[in-house]
Amino acid sequence: MSSWIEWGLAGLLGLVIGSFLNVVIVRLPRMLECKPSQAEDAPYSLAQPASHCPACLTPLAWRDMWPLISFLMLRGRCRHCGVGLSWQYPAVEAMTALWFVIMTAWFGNTATAWCWAIWGAALIALAFIDARTQYLPDILTQPLCWAGLLASSLGWLSVDLQSAVWGAVIGYGLLWAVALAYRLLKGVEGMGAGDFKLLAALGAWLGWQNISMLVLLAS
């Protein structure tokens with residue numbers, strides 16, 4: 001019975017984290033593109049302005065912000081203007097909740113489970129941001145890399161610290177070399193630096209031994 005309770009709590013936490021990820025996915029790219037003058041005239045952050053309908057800009061009431069449940073109750077439409085809402089919102093929340101449950105079921109209520117849960121949440125955010133903007137923010141990829149190295153050093157991952165460090169180095173260096181060769185041959189950029197940093201982060205979590213498989217799967 002305790003396992004079911006843990007899985008349920010992990011799922012609820014995943015829904016909440018997924019709801020926050022939706023805010024990150026939509027707002028973080030805009031924040032990074034915002035000029036200082038614009039930021040001073042109209043503060044824009046993960047907290048401001050309050051959550052609102054993207055069509056009619058009406059602030060959302062608390063009853064409209066329950067992860068997944070509110071979307072289903074409203075049948076995917078704004079309560080005020082009736083405009084359809086993006087399926088990104090329930091998809092991200094459901095994916096994050098499911099991932100949290102899977103990690104808790106696989107590893108139990110351990111530091112390892114929560115490390116991989118946060119890893120998955122970060123990748124979900126990065127995947128949706130990349131799909132929307134073709135941008136992989138440093139503010140997500142770099143902490144993800146450092147978190148992998150830290151988790152390895154604390155023994156929370158099956159990857160030892162040496163493999164994690166070399167995973168980060170090889171992950172970054174491999175794509176950097178490919179991009180450099182393409183630029184020298186073609187005279188134009190063929191790959192963004194965000195890809196280097198993401199593969200470095202994945203290498204830190206999975207070890208250098210899995211870099212080739214990661215590149216193959218990504219391709």
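Helices (H or I, at least four residues) and strands (E, at least two) are DSSP runs, numbered from the N terminus. The views below show a predicted model, in which local features need pLDDT of at least 70, side-chain atom pairs count only at pLDDT 80 or more, and totals for chains, interfaces and linings use all residues. Residue numbers start from 1 along each chain as its sequence is written, and side-chain values use heavy atoms, with hydrogens and water left out.

**Figure 1. Overall fold of the protein.** The protein has nine helices and zero strands, and its elements run α-α-α-α-α-α-α-α-α from the N terminus on. The C-alpha trace spans about 55 × 50 × 30 Å along its principal axes. Of the 219 residues, 34% are buried (under 20% relative accessible area; exposed means over 50% and partly exposed in between, with a 1.4 Å probe and protein chains only). Among contacts (heavy atoms within 4.5 Å) with a separation of 6 or more, 59% are between residues 24 or more positions apart.

Figure 2. A pocket is an open set of points on a 1 Å grid over the protein atoms alone where a 1.4 Å probe fits, with protein on both sides within 12 Å along at least five of seven lines; lining residues have an atom within 4 Å of a point. Grid points are joined across faces, edges and corners, and a volume is the space filled by probe spheres set on the points. The volume of the largest pocket is about 810 Å³. Its lining comprises 31 residues, with Asn-22, Ser-51, His-52, Leu-60 and Tyr-89 nearest the centre. Helices H1 (2–33), H3 (69–73) and H4 (88–107) each supply at least two lining residues, and H1 gives the most, with eight. The lining has 17 nonpolar, seven polar and seven charged residues (nonpolar: Ala, Val, Leu, Ile, Met, Phe, Trp, Tyr, Cys and Pro; charged: Asp, Glu, Lys and Arg; polar: the others, Gly among them).

**Figure 3. The second largest pocket.** This pocket holds about 350 Å³ of space. Of its 19 lining residues, Ile-118, Trp-119, Ala-122, Leu-144 and Ala-147 lie nearest the centre. At least two lining residues come from each of H1, H5 (111–133) and H6 (138–153), and H6 provides the largest share, seven residues. By class, the lining has 19 nonpolar, no polar and no charged residues.

**Figure 4. Aromatic pairs.** Eight aromatic pairs are found in the whole structure (rings of Phe, Tyr and Trp, the last by its six-membered ring, with centres within 6.5 Å; planes under 30 degrees apart count as stacked, over 60 as edge-to-face and the rest as tilted). The rings of Phe-71 and Trp-87 have centres 4.9 Å apart and planes at 65 degrees, so this pair is edge-to-face. Phe-71 lies in helix H3 and Trp-87 in the loop between H3 and H4, so the pair ties together parts 16 residues apart in sequence. Phe-71 is buried at 9% relative accessibility, whereas Trp-87 is exposed at 63%. Phe-100 and Trp-114 are also edge-to-face, with ring centres 5.9 Å apart and planes at 70 degrees. This pair links distant parts of the chain, Phe-100 in helix H4 and Trp-114 in helix H5, 14 residues apart. Phe-100 is buried at 1%, and Trp-114 is partly exposed at 28%. Ring pairs also link Trp-99, Trp-116, Trp-119 and Trp-205 into a cluster.

**Figure 5. Helix H7 and its cover.** The buried residues of H7 are Ser-163, Ala-164, Gly-167, Ala-168, Gly-171, Leu-175 and Ala-179. What covers them includes H6, H8 (193–206) and H9 (211–218).
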